[in-house]
Amino acid sequence: MMRSLRQATPLLCFLLLFLGCGDDDSSTLDGSVPDAAGDVSLPDAAPDVREPDAEICDGEICGETCIDISSDPLNCGGCGNACAFAEICSDGVCSLGCFGGTDACGDECVDLELDPLNCGACGNACGAGLVCSEGACVSSCSEGTIECEGRCIDPEVDAANCGACGVVCEDGLVCSEGACGLACSGGTTLCAEACVQLDSDPSHCGGCGNECGPGELCLEGACGIECPEGTELCGERCVDLSLSTTNCGACDSACEGGLLCSEGTCALSCSGGSVECDDACVRLESDDEHCGACDNACADGLSCVEGSCELVCPEGTVDCGGTCVSLANSEAHCGACDSACDTGLTCVEGSCALVCGGGATLCDDECVRTESDEANCGACGNACDGDEQCIDGECALECRAGSTLCEMACVDTSIDPMNCGSCGSTCDAGLSCQDGSCVLSCSGGTIACGESCVSTSSDPSHCGACDAACSDNNATAVCAAGTCLALCEAGFQDCNGDLSDACEADLQNDATNCGGCGITCGSGACFEGRCQFDDTTVTIPGSAGCQLNLDTSTNQIDISESGRVGMLLRCGAQMRFVRNASTGGAFTTHTFSDMILPSAATLHYQGDDIYVFYDDRRTAVFVRRSTDGGSSWSAPVRIGFGFRRTDAGFSLSLTGDGENLYATYAQTGRVTYVSRDSGATWTPLPAIAATGETTMDISVSGSGELIYQRETGRELWSFDGDAWALGGSLGVPTSFTDSVVGNEWAFAGGNTTRIDRARLDAIGTVESETLPARLRSLDADRNDTAFMTAQGTSLTVHRWEMGEAPVELFTHPNGNSAIATHPDGLGIAVISATSTGIILRTHPGR
C-alpha cells in the first residue's frame with residue numbers, strides 16, 4: 001500500500017548531540033514490559049522531545065550548531081554577525097583589541113602619549129619640527145628626555161632606550177640612571193649591581209661611585225665632617241659630648257661605675273635641664289628618641305623641636321602637605337605649594353617657563369638650535385644673509401667637517417633621508433637613513449619582518465612574531481592581540497583544539513565528527529553531516545515464530561528522523577513494537593495487550609515520535625503515541641465508530657506532513673481524518689464517494705499536497721484544504737504497491753514484473769522498467785525509491801534514482817518481508833519473517 005513521505009523538521013539537539021547514540025531501555029522481548037495504555041494521558045500539544053541523556057545548549061543555536069555569541073567572532077552578539085578583520089568579539093561586541101596602554105585609532109593601536117601622528121587624541125598630528133611629549137606637541141623634548149624616532153623618552157628609565165636610543169634592556173632588568181640592571185625599591189638606587197641609599201652611603205654619597213674621604217660622613221647625600229650644632233664628630237659619628245656616656249666631655253671619654261654624663265661631666269645624676277632615660281641623660285626638648293618624654297621616639301622624617309615631633313625641612317625647602325619640597329624647581333609646587341606647571345613647562349627659580357632641551361636655546365618663546373638656525377645663528381636674533389648658512393653658530397657658505405653642502409644647505413648625508421649618502425639621494429616612504437643607506441624604519445607599533453613593517457598583533461602572516469603564520473586550513477586566518485584565531489568555513493570546525501591546522505574537521509563527511517565535533521558514526525559513513533546506516537544483519541532476539549501483519553496493514557517498518565528503526569510484529573496472539581537503539585545495537589520492545597489479533601495495524605514516525613494506528617475488530621479505530629522511543633505509550637485515542645471491515649481486504653493508512661497527521665480507513669465508504677495536535681483530537685475531512693471500496697491510501701507529496709488514492713479506476717485525488725480534486729486515472733490493477741517521491745508516484749502493478757513512475761500533473765506519462773523477478777515491496781525517501789524483488793529463496797533490494805536504471809544493493813532471505821527508507825536517504829532497512837525469527841538488515845543505500 002502507499003508509503004507516506006515524511007516532511008518533519010529534525011529535532012536540532014538530537015542531530016547535533018545524539019545522532020546514532022544508544023539509549024538505556026532495559027525492557028526485553030519476553031513480554032514483561034507493562035502496558036502503559038491505562039494510565040498515560042496524551043498531552044494537548046506535542047512536547048519538545050529529547051532523549052533522556054540529551055544536553056541543553058548554553059549558548060544560542062545558529063544553524064545546527066550551539067554557539068557562544070558573547071565571544072564567537074563569526075556570530076558576535078547574534079547569529080551571522082561576523083566581526084571584521086583584526087577585530088575580536090568581547091561581551092557580544094566587535095572591537096579592535098588594544099593592550100599595553102595603547103588606544104584604538106582607526107585600525108591601529110597607538111600610544112597617545114608618544115605618537116606624533118596621534119598626540120593626545122586620535123588624528124592629532126604634530127606639525128613639522130614638533131615632537132609628542134606626554135600627549136602634547138612641543139618644539140623639543142622636555143628637560144631630562146631625548147628624541148628617539150619622533151618620540152620623547154627618558155633615557156634614564158626607558159627600558160627600550162636605556163641610556164641611548166635603541167638600547168633595550170634584557171628580560172628581568174630595568175633601566176635605572178641610563179643603565180640596565182636590577183630593579184631597586186624603597187628609595188634605593190642601583191649602583192654597581194647593588195641597591196644603595198644615596199643620601200647616607202659613604203661609598204655612593206649623592207651619586208653612584210661618589211665615595212666620601214677618610215673621616216667623612218654621608219649626610220643627606222653630601223660628604224663632610226661637620227656635625228649638627230651641639231654635636232661633635234667622634235670617629236664616624238656626631239655625638240653630644242654633654243650627654244654621651246661613652247664620649248662624656250670629649251671623644252672616647254667614657255663614664256665608669258654606673259655614672260651618667262651630665263653637662264659633659266660624669267656624675268651620679270643628670271643636671272642642666274637633662275633627665276635620665278635608659279641610663280643616659282637626655283634633653284626631652286630636642287632628643288629624637290625621647291621627645292617630650294622618655295622612649296617617645298619621633299617617626300622617620302620628623303625631628304624633636306621643643307619637645308614635639310615636627311617636620312623640619314632643610315634650608316631652601318618648605319613643608320607642602322607633609323613633604324619637604326623646593327619651591328624653586330618643583331613642577332608640582334612651583335613658587336608655592338600646589339602650584340603645578342602646565343604640561344611642557346619647567347619650574348625655574350619658582351616660575352613655570354619653557355625650557356629648551358637637547359642643546360636648544362629659547363628665542364622669543366621658541367626653542368631653536370643656534371648652531372644651525374639662520375634666524376638665530378650663534379645667538380638669538382642674529383640672522384644670516386640670504387646666501388649664507390648657519391654652521392656651528394656662524395653664518396657661512398662652507399659646511400663644517402662631517403656635513404655636506406646640498407642646495408645651499410649643510411646636511412649630514414649619513415642620516416638625512418633627503419640626501420642619504422649623497423645629495424639628492426632620497427629614501428622611499430617608510431625608509432630612514434642610517435650610515436648613509438636607506439633602511440626600513442617601522443613606527444606606529446609595527447616591526448620589520450623581512451622587507452615589510454607589520455603589526456604582529458593583527459597580521460595573520462606574522463602573528464605574535466615574524467613569520468609565525470596563522471593556519472587558513474578550511475578557514476579565514478585572523479590574528480587578534482598577537483594570538484591566532486580561525487574563522488571556519490561553512491561545514492568545517494576546529495575539533496582537536498589545535499589552531500596549527502585550524503578547522504581540520506569536515507563536518508559533512510568526517511565519520512568521527514559528523515555534523516558536530518565528537519559525533520561518531522561507528523562503522524557507518526558520514527553523508528552531508530549525518531551518519532548513514534551501517535551495513536548490518538541481525539536476527540531480533542526472541543522473535544522466533546513471529547510474523548509481519550502484512551495481510552491487514554500498510555506499514556510494518558518505519559525509520560525516524562534520527563535513524564531509529566521501528567517495526568510491528570505479530571507474535572502468537574500478541575502485537576509487539578520493536579525498536580533498535582542504534583544500527584546493530586540493543587532492542588527495545590513493547591507488547592500491546594489491548595490489540596486483538598488479527599487486528600489491522602500500521603506504524604508511522606513523525607520526527608522521532610511514534611504513532612500506531614489500529615482497529616479493535618469490533619467498533620472503532622484508535623491511535624497511540626510514544627515520545628520515548630516506544631518504551632511507554634499514551635492511552636488509545638478513538639478516531640471513529642461504525643467502520644466496515646472484512647478480514648481479507650480491510651486496511652488502515654496513516655501519514656503526516658511534519659505538523660499534521662492524516663488517517664484513513666473504511667467506514668461507509670472511505671473516510672479521512674486530520675489531527676493538528678499530535679494525535680490528541682481528530683477532525684474528519686470532506687469525504688470522497690467510494691461506497692464499498694476498502695483498498696485505498698493517503699500520502700503527502702513533496703510540495704505538501706495531501707494525495708488520496710482510490711482503488712476504482714486507479715484514481716488519484718488531491719486536497720487543497722477545502723475540497724478534493726481528481727488528478728487522473730492509471731487503470732485498475734489487481735493489486736498494487738506505491739509511494740510518493742517528491743511530486744511523482746512510483747507504483748507496481750499487481751503481480752506483474754513492472755515498476756512505473758508517473759507525475760501527478762501528467763498521469764498519462766508513465767515510465768516503465770522491467771524487472772527480473774516479481775516485485776515484493778516498495779518504499780521511498782524524499783528523492784529515491786527502494787524496492788525488493790523476490791526470486792527463489794532470496795530477495796534482491798534495489799535503489800532507483802529519478803531517471804536512472806535500478807541498481808542492485810544486496811540480497812536478503814525471502815520471507816514475509818517489508819522495506820523502509822530513511823527520510824533523508826541515509827539508509828535502507830529490510831525485515832523478513834523466517835523460520836529462525838525476524839531478520840533485520842540495515843544498509844547505507846548508496
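**Close-up views of surface patches and disulfides**

Cys-526 is buried in this predicted model, with a relative accessible area of 8%.

**View A. The disulfide of Cys-514 and Cys-526.** The two sulfur atoms are 2.2 Å apart. The torsion about the S-S bond is about 85°, so the link is right-handed. Cys-514 belongs to the loop between β43 (505–506) and β44 (526–527), and Cys-526 to strand β44, 12 residues apart. Cys-514 is buried, at 0% relative accessibility.

**View B. The disulfide of Cys-463 and Cys-479.** The sulfur atoms are 2.1 Å apart, and the torsion about the S-S bond is about 80°, which makes the disulfide right-handed. The pair links distant parts of the chain, with Cys-463 in the loop between β39 (452–454) and β40 (475–480) and Cys-479 in strand β40. Cys-463 is buried at 8% relative accessibility, and Cys-479 is buried at 0%.

**View C. The disulfide of Cys-248 and Cys-261.** An S to S distance of 2.1 Å joins this pair, and the link is right-handed, with 90° about the S-S bond. Cys-248 is in the loop between β19 (237–239) and β20 (260–262) and Cys-261 is in strand β20, so the bond ties together parts 13 residues apart in sequence. Both cysteines, Cys-248 and Cys-261, are buried. The model has 33 disulfides in total.

**View D. A patch of negative charge on the surface.** The patch gathers Glu-276, Asp-278, Asp-279 and Asp-295. Asp-279 lies in the loop between β22 (275–277) and β23 (280–282) and is exposed, at 59% relative accessible area.

**View E. A nonpolar surface patch.** Leu-345, Leu-354 and Leu-362 make a patch of about 200 Å². Leu-354, in the loop between β29 (351–353) and β30 (361–363), is partly exposed at 32% relative accessibility.

How values were computed: Residues numbered from 1 in each chain as written. Predicted model: local features only at pLDDT ≥ 70, side-chain atom pairs only at ≥ 80, totals over all residues. Heavy atoms only, no water. Patch = residues over 30% accessible without salt bridge, like charges linked within 9 Å, V, L, I, M, F, W, Y side chains within 5 Å. Areas by Shrake-Rupley, 256 points an atom, 1.4 Å probe, with all protein chains shown as cover. Salt bridge = Lys/Arg side-chain N within 4 Å of Asp/Glu carboxyl O. Lys, Arg positive; Asp, Glu negative; His and termini not counted. Charge placed at Lys NZ, Arg CZ, Asp CG, Glu CD. Helix = DSSP H or I, 4+ residues; strand = E, 2+ residues; numbered from the N terminus. Buried < 20%, exposed > 50% of the residue type's maximum accessible area, 1.4 Å probe, protein only. Disulfide = S-S within 2.5 Å.
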